[in-house]
Amino acid sequence: MKVPRNHKRYILLMMLQALLIVVIEILAIYIAWIYSNWIFFICGIVVCLLLALLLAKYYYSGAFFKCSICETTFKPSQKEFMKNVNIKRGRVFTCPTCAKKVKCKEGFIYGATFR
């Protein structure tokens, strides 16, 4: 299956954001160690946590899920999305159509198709 161009760009942006978080944290640890001051480390942790929340929100904005029973494509609430753990090949959600708690396949919607 061919991966759409905008999905590749989406994944690339997420990887760059994650790399930025790692670099900022490493710099915060290094600066805190050089100056022997914990305030740099604490500020680095706070900035990295905020960036991680933005990354999770960006990930949520592009993700949709498909029920394995009724084949309905839906987007859960952000609270439910953050609460559920990603398991092998999907997440467990309550389907809005069939009202069953099932493992849903994750995908992205481009145009009218689910990928």
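A polar contact here is a pair of N or O atoms within 3.5 Å; within protein, one must be able to donate a hydrogen and the other to accept it, and residues adjacent in sequence count only if both atoms are side-chain atoms. This is a predicted model, where local features need pLDDT of at least 70 and side-chain atom pairs count only at pLDDT 80 or more, while totals for chains, interfaces and linings use all residues. Residues are numbered from 1 along each chain as its sequence is written, and side-chain values use heavy atoms, with hydrogens and water left out.

I'll start with R91. R91 sits in strand β4, residues 90-94; strands are DSSP runs of E, at least two residues, and helices are runs of H or I, at least four, numbered from the N terminus. A polar atom of the R91 side chain lies 3.0 Å from the backbone oxygen of F81. R91 has a relative accessible area of 9%, so R91 is buried. Buried means under 20% relative accessible area, exposed over 50%, partly exposed in between, with a 1.4 Å probe and protein chains only.

Next, helix α2. Its 25 residues, 38-62, should span 36 Å at 1.5 Å a residue, and the end C-alpha atoms are 37 Å apart, which agrees; the expected span is 1.5 Å times one less than the number of residues. N37 caps the N-terminal end, with a side-chain oxygen 3.2 Å from the backbone nitrogen of I39. Buried residues in α2 include C48 and Y59.
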